[in-house]
Amino acid sequence: MRRKVVSAMLLLSMMAGLFAGCGSSTSESTGGNTGTAKEEGTEASDSSDDAGDEVTLTVLAGQSTTDAGIEDMIDEALAEKYPEVTLEWECVDWGNDFQPKMQQYMQSGLPDIMIGKAQDVATYAPLGVLGTIDDTYLDKGLDAARENVTIDGSTYGLVYNALYQGVYYNKTMFKENGWEIPKTMDDLQKIIDDCNAKGITPFASHMVDTWSIGNVTMQFMMNDVFNHTPDWGDQFRDGKVSFSEDKNMQTAYQYNKLIFDNTFPETFSTEQTDCDAKMVLGEAAMKVSGSWSIQNFLDIDENFDFGIFPFPNQTGDSKLIFEPNITVMTSAATKHQDAIDKVLDVLTSDTELATEIYDYTKTASMLKDVSPTFENPSQEDIDKYAASGDIVDVTLGNNQLVWGGFQEENAKYIASWLQGEISFEDALKASDDRVGASKAN
Amino acid sequence: MKEKRYLGMEKKLARQYFILIVPGFLIFTVGLIIPLFLSFRYSLTDWDGMSANMKFIGLKNYIDLFHDKEFIESWWFTVKFTIGNTIIQNICALLFAVALDSGIKAQKFYRAAFFIPCLISAVIVGFVWLKMYSNVLPAINQWLGTNFNFMLFGNAKTVLGGLLIANNWQWIGYWMLIYLAGLQSVPAELYEAARVDGAGPVKRFFHVTIPMLAPAITICVVGITTGSLKVYDLLISSTKGGPGRASTSIIYQTYTTAINGRQYGYGSAMTVTLVLMLLLVALIQVKGLKNKEVQA
């Protein structure tokens, strides 16, 4: 009898849990998404209560490798100007943990502030969970910063800094060997051949980090595919183009093989820090990478002389890649809009803080009239490409073919292909098969 | 009268037992049973984990699993990893335990040395072995002038071996302690009697030690198997499921599908298959091994 009672209770609690879970999941999701617009009005009236009161804002910061530590700088600047506002930080790795955390918070309620990348706006804004950013703060940023964080006329992200991506090269090595900046693949091949003839490893790479394969592949895609077909991703979903049939896309994938054949044999066991160290120590001539490597380069040797050029494409008109990085987003359902505005004010008007952050992260400014003061040997090259308009925003590609679930997974297949585990055709087909996951919404 | 008092006492005891199990029962239900049922419920939907839309699609996710090459490959890796671990860890742990039980010198030192790695987080272990294979061992290679290939994590063909070494390095000491405790509880008279009957060391090992260790073997085999089937944290810091997909375990695949790939419903279906597999494996092993257990 007792056993029966306990069994019945166990069963009942399971059923109750099931029904409770089912019921709540729908209502919570609805509340988390569609409820935001409705709640916004309520919160707007609540927000006036913030003035003068002590407020703690929750912040989810999806950081790049360069960003860890900027939270202390922001805290310090905020405490000076608005001591009544404090930030409760949750710092996670953007690549691995930002999306899972957001997914979790979509169910339980978003933090007041989220820091991610510009491409996150395209993922979350259509769900109605992000608040718009006031023009007061947006106007302090560069116009170029708005483009990819604006949806249907509303801007949901404040882009704070930018990374540049391309081929970092050892200037001294280039000078000593008489190599010119390559514009075409033939030019690049000549440098590679000369490197090999002289026993120099042409490319430094760290393919143990699958993200690096995904990152360089998007660089290749930007110059060989998106620069000529800006809506390639949309066409892909419409079934008009595919990885298996598009020759340009195949060429972009094939560049990975070029790198793999001309890099360290231990690339699949080499991490970024080791790789950057080898580059600085002159063990390789070039590295397809982004500004995140600068921090390592200069930490290892502050006198390391390097430059950057875009990875050449088939048509010889490749552009340097620009990526809006730290992007501040706010919750549409926040109860502390006034306090959030104070944080945005500090971020956009405290030039000392901005300079400190840019110098620390070794990244470019996206604020008007603020420039980093650190010595960036590649700045000369960046300025040159900027002056000639040969810079392209990678968010175009990232918004159409999302990182999580698509680019990231494709990179694994590219790695398998490079290792000889699958054929090139299989790698392309795997990308085609994943079409359903290519866009966030 | 006596019977009435007995029944009253029994009721009182039952109430006490019930009160005692309530906390555990609640935690178990809230923490395990309800999520399990929710997971099953999500597995019948096409939910992406974020939006409000959650369409019921019946068993479609389960049917799709059978055609999903990545899912099958991740299971295949997990099975190979599990079999490798179960064999190597059990044999090595048992042999080390026997060696330590034989009265060798510095027994306590060895016991501690073998046990320490299991106190380290698997994430750290993964990182340590990544550095070991890519920096430390190649440096030793260079120093000795040898040419061994230590880049085990860097190749799809050797990554399983590399992970088995890392995982066994971490856990052998733990299971060794369980075997050691089992060995120390085997009555000395049994060995004495076997010796009188003319049994040599090998016969004594197979006819006395092994049967008497059967309960410990059950614990170790089930523990190692279920632990290996759930491998995830070791991979995160070492191979990240690669090179390519060569070391993607079923949990890793489930996580990337459900969270990064925004296919929560489909990922939940993967979870349900894993739970069923864990239950099945544990059940078969416990049933099978229990039959072989003997009492002293």
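**Domains and chain contact in a predicted complex**

The C-alpha centres of domain 1 and domain 2 of chain A lie 30 Å apart. Domain bounds come from an automatic or database domain assignment. This is a predicted model: local features need pLDDT of at least 70, side-chain atom pairs count only at pLDDT 80 or more, and totals for chains, interfaces and linings use all residues. Residues are numbered from 1 along each chain as its sequence is written, while chains are lettered from A and ligands numbered from 1 in the order in which they are written.

**Domains of chain A**
- Domain 1 covers 28-160 + 325-365, and domain 2 covers 163-322 + 378-437.
- In contact (C-beta atoms, placed from the backbone, within 7 Å) are 16 residues of domain 1 and 15 residues of domain 2.
- On the domain 1 side, α4 and α5 (118-124) of chain A each supply at least two residues; helices are DSSP runs (H or I, at least four residues), numbered from the N terminus.
- α5(A) gives the most to that side, with 4 residues.
- That side holds 3 nonpolar, 11 polar and 2 charged residues.
- Nonpolar means Ala, Val, Leu, Ile, Met, Phe, Trp, Tyr, Cys and Pro; charged means Asp, Glu, Lys and Arg; the others, Gly among them, are polar.

**Chain A with chain B**
- 33 residues from chain A and 30 residues from chain B form the contact.
- On the chain A side, α1 (2-33), α4 (94-108) and α18 (403-418) each give two or more residues.
- α1(A) provides the largest share, 11 residues.
- The chain A side comprises 11 nonpolar, 17 polar and 5 charged residues.

**Confidence**
- The predictor gives the complex an ipTM of 0.75 and a pTM of 0.79.

Key:
Contact = placed C-beta atoms within 7 Å.
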